[in-house]
Amino acid sequence: MTVSLPLVLVLGLIAWAAIKFLGVRVWIVVVIALFGFLLSRTFLAPVIDSGTRSGVDVVNGTHD
């Protein structure tokens, strides 16, 4: 059985677990999310995108 989950859902679950079980404060999660949002508007966005896609392909076992 194959289950497909969007990456944003997985990251959201990790953030929720960090707040719930690790005691990470909500404002830290908000600051990191805003940093990621602002970083997506920089020249590093294509590098981050390709790195994320490569990492997901490695985890999924996809080889092109």
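**Surface and source**

I looked up the accessible surface of the chain, which comes to about 5,800 Å² (Shrake-Rupley method, 1.4 Å probe; for residues, only the protein chains shown count as cover), and 72% of it belongs to carbon and sulfur atoms. I note that this is a predicted model, in which local features need pLDDT of at least 70 and side-chain atom pairs count only at pLDDT 80 or more, while totals for chains, interfaces and linings use all residues. Residues are numbered from 1 along each chain as its sequence is written, and side-chain values use heavy atoms, with hydrogens and water left out.

I then checked burial (buried is under 20% relative accessible area, exposed over 50%, partly exposed in between, with a 1.4 Å probe and protein chains only). Buried residues account for 2% of the 64 residues.

**Overall form**

From the N terminus the order is α-α-α. The radius of gyration is 14 Å, well over the 11 Å that the globule rule gives for 64 residues, so the chain is more spread out than a compact globule. The radius is taken over C-alpha atoms, and the rule is 2.2 Å times the number of residues to the power 0.38. Along its principal axes, the C-alpha trace spans about 40 × 35 × 15 Å.

**Helix α1**

I examined α1, residues 7–21. Its 15 residues reach 21 Å from first C-alpha to last, close to the 21 Å expected at 1.5 Å a residue; the expected span is 1.5 Å times one less than the number of residues. G23 follows α1 and has a positive phi, near 80°.

Within this helix I looked up G12, which is partly exposed because its relative accessibility is 37%. Its C-alpha lies 10.0 Å from that of V29, 17 residues apart along the chain.

I also located a nonpolar surface patch formed by V3, L5, V8, L9 and L13, with about 490 Å² of accessible area together. Patches consist of residues with over 30% relative accessible area and no salt bridge, like charges being joined within 9 Å and nonpolar side chains (Val, Leu, Ile, Met, Phe, Trp, Tyr) within 5 Å. Of these residues I checked L9, which is in α1 and counts as partly exposed at 41% relative accessibility.

**Residues 27–44**

UniProt, in an unreviewed entry, places the feature "transmembrane region" at residues 27–44. I computed 72% helix and 0% strand over residues 27–44, with the end C-alpha atoms 25 Å apart.

**Helix α3**

I examined α3, residues 45–60, whose 16 residues reach 22 Å from first C-alpha to last, close to the 22 Å expected. G61 follows α3, again with a positive phi near 80°.

I found one salt bridge in the structure (a side-chain nitrogen of Lys or Arg within 4 Å of a carboxyl oxygen of Asp or Glu). It joins the side chains of D49 and R53 at 3.2 Å, N to O. The two residues are about one helical turn apart because they are four residues apart in α3. D49 is partly exposed at 38% relative accessibility, and R53 is exposed at 54%.

Lastly I looked up S54, also in α3, which is partly exposed with a relative accessible area of 43%. The C-alpha atoms of S54 and G36, 18 residues apart along the chain, are separated by 18 Å.

How values were computed:
UniProt positions are given in the numbering used here, feature names are shortened, and annotations may be inferred rather than shown by experiment.
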